[in-house]
Amino acid sequence: MSTGVCIVGAAESDLGVTGKTVLHLQTQAITRALADAGLRLADVDGLATNGVSRFSATQVAEHLGLRPRWTDSTFAGGSAFELYVGHAVQAIQAGQASVVVISYGSNQRSARSRTLDPYEAHTPEAQFEQPYGPLYPVSAYAMAAQLYLHTYGAARGRAGMTEVAVAAREWALANPRAYRYGAGPLSAGDVSDSPLLSDPLRVADCCLVTDGGGAVVLTTASLARDLPGVLVEVLGYGEATTGTSIVGIGDLLRTGAVESGRRAFTMAGLTPADVDSAQIYDSFTITVLLSLEALGFCGFGEAPDLVAAGTLPLNTSGGGLSYCHPGQLGVLLLVEAVRRLRATPDRTALVHGTGGILSTHGTVLLGRTT
């Protein structure tokens, strides 16, 4: 099946510790992505973004002098940008927009805005979780990791999580834009020696906190053929929502990626065996193991073997563990997938984003066209 929609531009803002505002980072990412596509701001009539203010799309549009006829400010954590792809495809197919920009920017490292206690007192989960003093969100993912180790074997599960961190660093060492570029290899011993944060998750199991942002540009396949560069078509997409907190999710080992992945593969007419590379949200090492299994790349409990085999190019930028914070990574997963499809023989790439505490899931399949 063809959606008739392509990603024609992809770019990052400055990354790391930038000292720049969120709007500055958004502007960098959007203008660079449009330049990559061979388009101008005046061509944009659709915008999807969040994290700027209560009215994020309006704020960014006004800042850039845009008057879009279609916007989306859905906030779903790290999966939002994969969800935006599906929404943008639908809008373009329906004639509501012709050129859509999906963007994000965050300066949380420079602004020191990261918090470990974001509970809102009026929410039901607060009364059940907050009294125990969890570190948010690491303690929630630690519970999922503990269940994984209990179910599939502590040594095997721990080895798989460690391999995820080690492999991410190896990819980052080949990526000059990665925060850990030049930091040197990460060994299994380095992972096990890193401080314990929330058992069994250690510092090396947890994502970076950095500034940064990114943007991608989507348009019709017919318009894309008149633009420079390799065409990358959206082949399929799917989303799923499971629950907003640990107490609301029934099975921590079978995430909503089961549904979002199945929907994306069905739309595209593909299977996991057809995927040449995968960019999977890695807020924590356990997130990767859970996602690989839920998406069907291996059986449940088998992700440690898949990661150890190294047969599937995974998070080839270095991911949230060694490249940049996953808040930005949600959109930068798309950027990396596009770059890899353009620069390698890969024909098909999977991108999967996950919202906080495994609450939302967005899966996108992209294909390089001739």
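**Reading the labels**

Modeller: Happy to, and please keep in mind that this is a predicted model. Let me start in the sheet, where Ile7 stands opposite Val232 in S8.

Colleague: How do you know that S1 and S8 pair?

Modeller: Two strands count as paired if there are at least two bridges between them. S1 and S8 are joined by 2 bridges and run antiparallel, so the pair meets that cut-off.

Colleague: And which residue is the bridge partner of Ile7 in S7?

Modeller: That is Leu218. S1 (residues 5-12) and S7 (residues 212-220) pair in the antiparallel sense over 7 bridges. As for Val232, its bridge partner in S11 is Arg368, and strands S8 (residues 231-241) and S11 (residues 360-369) are antiparallel, with 10 bridges.

Colleague: What makes S1 "mostly covered"?

Modeller: The count of buried residues: 8 of its 8. Buried here means under 20% relative accessible area.

Colleague: In what order do the strands of the sheet come?

Modeller: The order is S3-S2-S4-S7-S1-S8-S11-S10-S9, an open sheet of 9 strands with mixed pairing. From one strand to the next, the twist averages 25°.

Colleague: Why are S3 and S9 said to stand at the edges?

Modeller: Strand S3 (70-72) and S9 each have a single partner strand, so one side of each is left without a neighbour in the sheet.

Colleague: Let's turn to the rings. Why is the pair of Tyr141 and Phe284 called tilted?

Modeller: Planes under 30 degrees apart would be stacked and over 60 edge-to-face. The planes of Tyr141 and Phe284 stand at 35°, so the pair is tilted. The centres are 4.6 Å apart, and a pair needs them within 6.5 Å. The structure holds 4 aromatic pairs.

Colleague: What makes this a link between distant parts of the chain?

Modeller: Tyr141 is in helix H6 and Phe284 in the loop between S9 and H11, 143 residues apart.

Colleague: Are those two residues buried or exposed?

Modeller: Tyr141 has 3% relative accessibility, so it counts as buried. Phe284, at 5%, is buried as well.

Colleague: How do you know that Arg254 lies over the face of Phe300?

Modeller: Arg254 is at 4.0 Å from the ring centre of Phe300, and the cut-off for that distance is 6 Å.

Colleague: Which residues of the largest nonpolar core touch the most other members?

Modeller: They are Leu201, Ile286, Leu289, Leu292, Phe297, Leu350 and Leu365, in a core of 45 residues. Several elements give two or more residues to this core, including helix H7 (154-172) and helix H10 (257-268). H6 gives the most, with 8 residues. Apart from this core lies another, of 42 residues, among them Ala172, Leu218, Val338 and Val351.

Colleague: What does Leu350 touch?

Modeller: Beyond residues up to four places away in sequence, its contacts include Phe265, Ile280, Phe297 and Leu365.

Definitions and conventions: Residues numbered from 1 in each chain as written. Predicted model: local features only at pLDDT ≥ 70, side-chain atom pairs only at ≥ 80, totals over all residues. Heavy atoms only, no water. Core = buried A, V, L, I, M, F, W, Y, C linked by side-chain atoms within 4.5 Å. Buried < 20%, exposed > 50% of the residue type's maximum accessible area, 1.4 Å probe, protein only. Helix = DSSP H or I, 4+ residues; strand = E, 2+ residues; numbered from the N terminus. Contact = heavy atoms within 4.5 Å. Phe/Tyr/Trp six-rings, centres within 6.5 Å; stacked < 30°, edge-to-face > 60°. Lys NZ or Arg CZ within 6 Å of the ring centre and 35° of its normal. Axes fitted to C-alpha atoms, helices over the stretch in contact; angles between N-to-C directions.
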